[in-house]
Amino acid sequence: MDGVRLDCLLELLSDKDEVTQRIVRSKVLELGWDAVVYFYDNIDRVIPEELRTDVRRNVRETSVLMAVCQLTDLMKSGTELYLPDCLYYLTRIVQPELRPEEFRSAYEGIGNDLMCELRDGMTAVEKVEMLNCIMFDMHGFSLNRTGRDGAEHPISLTELLKCRKGGAVGLSIVYFLLAAYAGLPVYPVFPRSPGYYVSYMEEGRSLFTVDVGGGGRITDPVPAETMHRLRRSGDGRGVVYIYATALRHYCRGLSKSEVTALEGVALMAGIRSIP
């Protein structure tokens with residue numbers, strides 16, 4: 001990638017003209033994530049000190065826009081979603097400097113521990129029990145016992161994976177991530193009442209549910225007649241919907257562009273009905 005050209009684009013991000021900003025962002029989207037990484041690594045070298053705050057904000061917004069575009073392309077690809085990538089792009093909306101290798105390193109160790117213990121001959125219940133053992137017993141994830149207002153802080157996956165403590169929603173996002181990494185069909189199911197179940201799915205039906213806030217206790221399946229028939233029910237798009245909504249609701253200090261991005265992703269993941 002041409003460093004001179006990238007330096008010129010980075011300098012143009014200090015221009016206050018909105019048309020110039022749109023042109024630069026369009027070029028950066030064509031160049032891809034490596035251009036954003038270059039910008040973050042070279043702001044101090046290229047940009048005068050008095051302009052760096054504005055340029056950092058513009059690079060941040062460019063990274064957010066790119067994350068949304070990458071996630072949108074993934075969800076519109078028509079193939080089965082690779083959920084860890086989706087959750088990375090979502091996390092990058094609120095942490096625009098987050099690099100893929102940093103995100104992967106936060107969960108791959110736990111995920112690999114799980115995959116080493118899974119066997120082809122295991123039943124669905126045995127596989128989920130092993131997931132519970134790895135997540136709650138071996139790696140010490142637990143429910144946040146603070147008051148109601150703080151129960152879902154932190155909510156971003158990088159922070160949850162670091163502190164190993166969160167609310168029921170946060171822990172369920174970690175649970176969905178680890179299950180997806182290990183190839184287990186654990187997804188949210190949305191009943192007709194508010195909320196969702198964490199469910200092990202088989203051929204489009206709920207085989208049983210898991211109480212993630214209760215340490216992974218296995219409970220009854222969700223009856224098919226009570227399931228809310230939306231595209232997000234029982235598949236990876238449901239996880240995207242929950243995580244985007246949770247980030248929007250619980251993350252503090254979001255910019256206007258980040259709020260708009262999260263709301264757009266939640267809408268894209270959640271509104272389409274199944275015929």
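By the rule used here (rings of Phe, Tyr and Trp, the last by its six-membered ring, pair if their centres lie within 6.5 Å), the count comes to eight aromatic pairs. This is a predicted model, in which local features need pLDDT of at least 70 and side-chain atom pairs count only at pLDDT 80 or more, while totals for chains, interfaces and linings use all residues. Residues are numbered from 1 along each chain as its sequence is written, and side-chain values use heavy atoms, leaving out hydrogens and water.

**Aromatic pairs**

- Tyrosine 88 and phenylalanine 103 have ring centres 5.6 Å apart and planes at 50 degrees, so this pair is tilted (planes under 30 degrees apart count as stacked, over 60 as edge-to-face and the rest as tilted).
- The pair links distant parts of the chain, with tyrosine 88 in helix α5 and phenylalanine 103 in helix α6 (residues 100–117), 15 residues apart.
- Tyrosine 88 is buried at 5% relative accessible area, and phenylalanine 103 is buried at 1% (buried means under 20%, exposed over 50%, partly exposed in between, with a 1.4 Å probe and protein chains only).
- Phenylalanine 190 and tyrosine 196 form another tilted pair, at 6.2 Å centre to centre and 45 degrees between the planes.
- Here phenylalanine 190 is buried, at 6%, whereas tyrosine 196 is partly exposed, at 25%.
- Ring pairs also link Tyr88, Tyr89, Phe103, Tyr107 and Tyr181 into a cluster.

**The sheet and its helices**

- Four strands form an open sheet in the order β3-β4-β5-β6, with antiparallel pairing (strands are DSSP E runs of at least two residues, and helices are H or I runs of at least four, numbered from the N terminus; two strands pair if DSSP finds at least two bridges between them).
- β3 (186–189) and β6 (217–219) stand at the edges with a single partner strand each, so one side of each has no neighbour in the sheet.
- Strand β5 (residues 205–211) is joined to β6 by three bridges, and threonine 209 stands opposite threonine 219 in β6.
- Helix α7 (residues 124–138) lies across β4 (197–202), β5 and β6, at about 25 degrees to β5 (axes are lines fitted to C-alpha atoms, for helices over the stretch in contact, and angles run from 0 to 180 degrees between N-to-C directions).
- Helix α9 (residues 168–181) lies across β3, β4 and β5, at about 140 degrees to β3.

**Helix α5 against α11**

- Leu90, Ile93 and Val94 in α5 meet Glu258, Ala261, Leu262 and Val265 in α11 (contact means heavy atoms within 4.5 Å).
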